[in-house]
Amino acid sequence: MKKIELLAPAGDKESLIAAVQNGADAIYLGGTLFSARAFAKNFDDEQLQWAIQYAHLYDVKIYVTVNTLFKDAEIDALISYLDKLYEFQVDALIIQDVGLFDIVRTLYPDFEIHMSTQSSIMNHYGVNYFEKCGASRVVLARENTLEDIQSICQNTSIEIEVFVHGAMCVCYSGQCLMSSMIGKRSGNRGQCAQPCRLPYQLLKDDQVLPEKYPFILSPKDMMTIEHVGDLIEAGVSSLKIEGRMKRPEYVASVTRAYRQAIDAFYEHKKIDLQPLIHDMKAMFNRNYTLGYLKHDTHLVDGDYSGHRGSIIGEVLYYHKKQKRVGIRLKDTLMQGDSIVFENIDKGRPVNKIYHQKKLVNKAYSNDVIEIEFDYYVDRGLVRKTLDTNVVEKMQQTYQKSPRKVSISMEFEAHIYQRARLILKKENLKVTVESQQEVQLAHNTPLEKQRINQQLSKLGSTPFIAEHIQINIDEGISMPIRDINEMRRHATDMLIEKLSHQKIHHHSRQKMSTYSQKSTSQAPQFYILVHSIEQLKTVIQYPFDTIIYPYQERIEKAYEICQKHQKKMIMMTSPVMKDDDIEDVLSSQIYSQIDTILVNDYGAYMAFQDKKLVVGQGLNIYNSYAAHHYHQPYLVSLEMSATEIKHLQVDLTHCLVQIFGKTTNMISEYCPITQYYFGYQNKHCQMCKQGHFALRDRKNEKFDIMVDNKCRMHLLNAHTLFYDQFKQLPVGGFLIAFTNEDQQQVQMVMDDFMQMIYNQQKSHIRQKIKVTSGYFKE
């Protein structure tokens with residue numbers, strides 16, 4: 001069995017050293033371009049070259065994240081960047097954009113590709129699709145359960161990577177438009193502003209419900225260290241730690257903990273994980289959850305969205321005159337630690353500790369102490385958010401470079417010949433010879449034990465001699481300084497070889513160029529509805545193609561379309577597990593319908609016997625992504641009108657949404673059931689009790705739709721509307737209805753009829769809150 005890989009994050013040089021020295025097998029990091037953590041420090045070219053050489057010295061791989069969507073205008077810069085990564089000998093690229101996937105496969109056939117979790121791959125059909133295309137690894141969605149993961153591993157021969165620790169997105173990665181639509185900071189472009197970590201109020205029928213969970217969209221952090229063995233046995237190839245925005249000590253603590261847990265599993269040992277968990281919690285935590293891996297229903301606390309630290313004590317009183325707060329400690333507190341008072345969410349570094357009216361630099365459990373504090377607080381818990389003891393302990397794990405690389409050494413010395421030293425590390429070998437020939441000893445001959453002693457002096461190098469073989473004639477003599485010089489020269493040569501290993505050997509291939517083909521035909525209109533009531537309204541209008549989601553009453557929808565001689569396209573969700581795909585394949589409607597609008601790679605692979613339309617869930621953002629497909633496709637909602645017009649594609653296949661509430665999030669998590677039950681109570685039916693929405697700090701209201709799989713769809717506060725759509729030379733337009741009532745649907749349809757057939761100006765903007773989205777950028 002190949003040992004599982006431990007994959008750690010690095011946002012800067014110190015974090016990378018911390019990860020390597022604490023036992024990471026591979027590091028993922030971002031360069032200065034096209035990284036999904038655009039606000040991390042990241043690595044410039046010089047730092048990246050250093051990182052690769054440093055990691056390769058320790059037999060650690062470097063994966064570079066190029067996991068954003070990119071624009072046509074960025075293609076030249078992108079290819080220049082890829083050239084550098086290839087030349088620098090990066091081990092693999094982590095990719096979201098299928099257009100970039102095709103570019104890499106064309107230009108650099110031997111460059112290893114890992115499909116990012118941003119690609120929203122969560123079923124074995126999607127994994128098999130990219131196996132067929134030439135990917136080496138797929139990073140699964142965080143929402144996959146252990147059973148899902150095991151099944152996927154059994155149905156593919158490529159590597160599967162899963163997240164095991166760190167921050168969780170409340171939305172399926174790659175399907176979140178929340179930050180993009182409300183603030184023009186796209187998560188798909190690496191600029192997420194994390195609006196999920198902000199407070200929201202839950203509304204029912206436009207009434208604000210009493211506040212229970214102000215941070216109702218902010219998940220806990222994932223921690224699965226106790227289930228490492230389950231993932232290994234499931235067939236996973238790599239365990240991934242989240243945290244490119246975190247400090248080096250965090251990276252050290254988490255990497256160290258999971259390294260020990262992995263090693264203990266393979267060595268059939270039981271270890272006490274609690275001290276390791278304590279150190280991880282001290283560095284950063286939002287409280288821990290097992291996440292979807294083990295069906296944890298307690299995903300959100302809802303009362304706080306930042307670092308929780310650990311409970312250090314309880315407030316007893318506040319002394320107004322001295323501005324000191326009295327605390328009874330439950331654990332050790334040291335000068336230099338930082339604390340926060342939970343009741344008022346304010347804190348400070350601890351510069352002075354008063355115990356029994358004396359200044360001390362350390363206090364202990366059950367001590368009653370006083371801390372200077374300007375804000376009044378007389379009750380509540382106190383949390384330690386920075387533990388200087390743990391910080392210093394973590395720094396020591398990587399600042400002293402304890403990690404060693406095992407090598408073997410062979411030493412030969414024969415009279416009247418030059419001595420030879422060979423160092424080996426797996427398939428790498430270096431050989432050095434002595435400056436002088438070996439002589440016959442006249443007095444005390446050189447013994448094997450002394451040679452072994454000198455060769456073993458590797459303390460200043462990253463090496464440790466696992467095996468030393470010495471083959472010498474009897475009665476030889478040579479200066480000890482010559483042996484030392486041979487050892488130093490050989491280790492320098494091996495360091496150079498290890499640091500500059502050649503992974504890629506081919507020259508770059510040529511890239512195809514594309515040209516645009518515009519349509520001269522009248523564009524087709526597609527009408528998406530989500531209910532039978534909406535369908536009955538739009539069916540009366542002279543638009544031939546209706547899109548209806550795969551959900552309850554789809555048979556009825558198909559019957560209505562047939563009766564009115566309308567073509568019906570069935571739409572599948574961006575979120576499809578294996579069971580969801582199998583459910584579609586075995587359904588009656590699947591045998592009746594001839595065209596499906598697919599929104600994930602698994603559905604695209606599984607439904608190849610049907611006519612397909614590629615949906616927005618597949619994030620087509622550039623000409624290369626569009627050319628990946630041979631079917632009509634909806635372009636990304638994050639494209640401007642200018643970018644759409646200049647796509648180098650056959651625009652007769654290009655479809656654009658011009659009206660509709662965008663789905664800002666799609667999630668397995670439901671804030672409605674969280675509010676009423678305090679945990680995830682699937683299929684609780686509370687969503688049927690009224691109309692629910694979330695309201696943010698700016699009083700914007702985001703409607704909640706819950707689908708028949710009990711997944712939450714959070715709709716944008718403003719409806720997307722582009723009234724200049726006639727200027728787009730594309731093959732079709734999408735008008736999308738989500739939760740509008742029949743009167744609203746009729747108003748919109750009448751307005752479009754006037755625009756399309758009577759050339760009249762739209763009045764939609766006067767009647768509903770709309771946004772032009774990215775169209776006018």
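**Cavities and helix packing**

Colleague: Which residues line the second largest cavity?
Modeller: A cavity is a set of points on a 1 Å grid over the protein atoms alone, where a 1.4 Å probe fits but cannot get out. Lining residues have an atom within 4 Å of a point. The second largest cavity is lined by Tyr200, Gln201, Leu202, Leu209, Pro210, Glu211, Lys212, Tyr213, Pro214, Ile216 and Tyr675.

Colleague: What kind of model is this?
Modeller: Residues are numbered from 1 along each chain as its sequence is written, and side-chain values use heavy atoms, with hydrogens and water left out. Local features need pLDDT of at least 70, side-chain atom pairs count only at pLDDT 80 or more, and totals for chains, interfaces and linings use all residues, for this is a predicted model.

Colleague: What is the volume of the second largest cavity?
Modeller: Grid points are joined across faces, edges and corners, and a volume is the space filled by probe spheres set on the points. For the second largest cavity that gives about 70 Å³.

Colleague: How does the lining of the second largest cavity divide by class?
Modeller: Ala, Val, Leu, Ile, Met, Phe, Trp, Tyr, Cys and Pro count as nonpolar, Asp, Glu, Lys and Arg as charged, and the others, Gly among them, as polar. The lining divides into 8 nonpolar, 1 polar and 2 charged residues.

Colleague: Which residues are closest to the centre of the largest cavity?
Modeller: The structure holds 7 cavities of 30 Å³ or more. The largest has a volume of about 110 Å³. Of its 15 lining residues, the closest to the centre are Arg142, Asn144, Ile149, Val162 and Phe163.

Colleague: Which strand gives the largest share of the lining of the largest cavity?
Modeller: By class, this lining has 11 nonpolar, 3 polar and 1 charged residues. Strands (E, at least two residues) and helices (H or I, at least four) are DSSP runs, numbered from the N terminus. The largest share is 3 residues, from residues 159-166, strand E7.

Colleague: Why is H1 roughly parallel to H9?
Modeller: Axes are lines fitted to C-alpha atoms, for helices over the stretch in contact, and angles run from 0 to 180 degrees between N-to-C directions. The axes of H1 (residues 13-21) and H9 (residues 248-266) come within 8 Å and cross at roughly 15°. That makes H1 roughly parallel to H9, because angles under 35 degrees count as roughly parallel, over 145 as roughly antiparallel, 65 to 115 as roughly perpendicular and the rest as oblique.

Colleague: Which residues of H1 and H9 make the contact?
Modeller: Contact means heavy atoms within 4.5 Å. It is made by Glu14, Ser15, Ala18 and Ala19 of H1 and by Pro248, Val251, Ala252 and Thr255 of H9.

Colleague: At what angle do H12 and H13 pack, and is H12 parallel or oblique to H13?
Modeller: H12 covers residues 448-455 and H13 covers residues 480-499. Their axes are 9 Å apart and the angle is about 40°. That makes H12, relative to H13, oblique.

Colleague: Is the crossing of H2 and H13 left-handed or right-handed?
Modeller: The axes of H2 (residues 45-57) and H13 come within 7 Å and cross at roughly 115°. A crossing is left-handed if the near helix is turned anticlockwise from the far one by less than a right angle, and right-handed if clockwise. The crossing of H2 and H13 is right-handed.

Terms used. 1 Å grid on protein atoms, 1.4 Å probe; cavity = no way out; pocket = protein on both sides within 12 Å on 5 of 7 lines; lining within 4 Å.
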